[in-house]
Amino acid sequence: MQSENLITGQSIDSLRELLADRVVDRQDALRPALALRREDPIRAKRVEDVKCYLDCLAEAIAAGRSQLFADYIAWAKVTLHAQGAPEQDLAESLELCRETIEGALPHSQSAIADQYISDSLVRLPALPTAMPSYFDSDRPLADLAREYLSALLEADRRKASELIMDAVEQGTSVQDIYLHVFQQTQYEIGRLWQANQISIAQEHLCTAATQLIMSQLYPLIFASERKNRRVVAACVGGDLHEIGIRMVADFFEMAGWDSFYLGADVPNDGIVQTVIDRDAHVLAVSTTLTTNISSVTTLISEVRSHHQCNDTIILVGGHPFQVAPDLWREVGADAQAADAAEAIELAELFLPEEVVT
């Protein structure tokens with residue numbers, strides 16, 4: 001069954017351009033008054049939206065995890081609602097995807113896709129139209145996190161930096177700043193963008209400001225006693241969401257490891273070569289998007305194929321691995337970490353200090 005899932009996912013992925021175009025043609029046939037010329041930018045945007053549904057569907061099927069597609073549809077419902085689009089538009093797109101796939105793929109494959117899409121359609125009416133805030137007054141440093149976010153949204157980097165530096169000078173650990181301020185703020189910024197309350201430009205500005213302030217903390221981060229342990233940290237190719245994996249690398253540094261942070265969208269051969277060149281004990285890989293799961297699988301397979309990496313522990317993290325907690329096994333990793341703190345805990349569990357060379 002798993003091989004059939006993989007073949008089905010690959011089939012949808014290979015046909016997604018054609019499938020998406022056909023879905024939009026069907027939408028136009030249902031509502032001819034809204035039909036647009038094929039070269040119209042608005043039509044092209046509709047095609048891209050459908051391709052996103054198909055991308056996520058293909059990855060979820062290939063991974064054998066229906067909850068991944070359901071999670072994406074839940075995200076899409078919130079996003080579309082914030083843009084003023086009726087829920088029925090999403091339901092219609094999913095139904096047309098199902099019909100179009102049925103006409104394009106063999107029955108054994110279309111039946112699998114039908115199951116995944118039907119599951120999401122059943123769930124759709126009960127899914128929320130808005131996400132609750134990630135800020136909770138009961139969380140540690142909640143007031144600081146709110147002040148920090150307010151400064152970021154006001155584009156006041158100086159104030160944001162002062163808030164963090166003052167907190168550290170008063171005894172707040174850098175680890176707590178990362179977990180309870182930076183991490184929660186990034187989640188909240190993502191939610192505000194999804195709710196159409198801030199623009200993508202504001203989101204980028206806030207993220208860039210946090211990365212700058214993280215750099216200001218580096219004298220403290222690099223002050224830890226070294227342990228002769230090495231970690232390579234990177235986002236898989238195609239994933240541009242780098243701040244999470246940067247936090248992971250910094251946590252390893254604070255624990256005395258030498259970290260080699262490669263950043264976002266790194267080609268597989270570059271990651272593999274760095275692991276070999278640095279004789280890394282751990283490779284930490286992140287992806288925020290379900291559509292990159294197959295890329296994670298391919299990367300891990302390539303790492304495993306090199307005898308120089310036989311002893312390298314591979315940790316994965318990111319949103320898809322939280323939605324499907326056992327997905328790390330499917331992609332071939334040794335474990336998955338929910339956050340930077342858990343990543344270092346797992347690494348040191350796998351590698352007791354006395355055996356590290």
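Is Asp-265 buried, partly exposed or exposed? With a relative accessible area of 40%, Asp-265 is partly exposed, because that value falls between the 20% limit for buried and the 50% limit for exposed. Keep in mind that this is a predicted model.

- Asp-265 is not a glycine, yet its phi is positive, at about 50 degrees.
- You can find Asp-265 in strand β2, which covers residues 258-266.
- Leu-141 is not a glycine either, and its phi is positive too, at about 60 degrees.
- To locate Leu-141, look in the loop between α6 (107-123) and α7 (142-153).
- Leu-141 has a relative accessibility of 27%, so it counts as partly exposed.

**The second largest pocket**

- Rolling a probe the size of a water molecule over the atoms shows where empty space is left.
- The second largest pocket holds about 320 Å³ of space.
- Its lining is made up of 18 residues, and those closest to the centre of the pocket are Leu-6, Gln-10, Glu-59, Ala-62 and Ser-294.
- Four helices each supply at least two residues of this lining: α1 (2-14), α3 (41-63), α14 (293-304) and α16 (327-331).

Technical notes. Residues numbered from 1 in each chain as written. Predicted model: local features only at pLDDT ≥ 70, side-chain atom pairs only at ≥ 80, totals over all residues. Heavy atoms only, no water. Buried < 20%, exposed > 50% of the residue type's maximum accessible area, 1.4 Å probe, protein only. 1 Å grid on protein atoms, 1.4 Å probe; cavity = no way out; pocket = protein on both sides within 12 Å on 5 of 7 lines; lining within 4 Å. Points joined across faces, edges and corners; volume = space filled by probe spheres on them.
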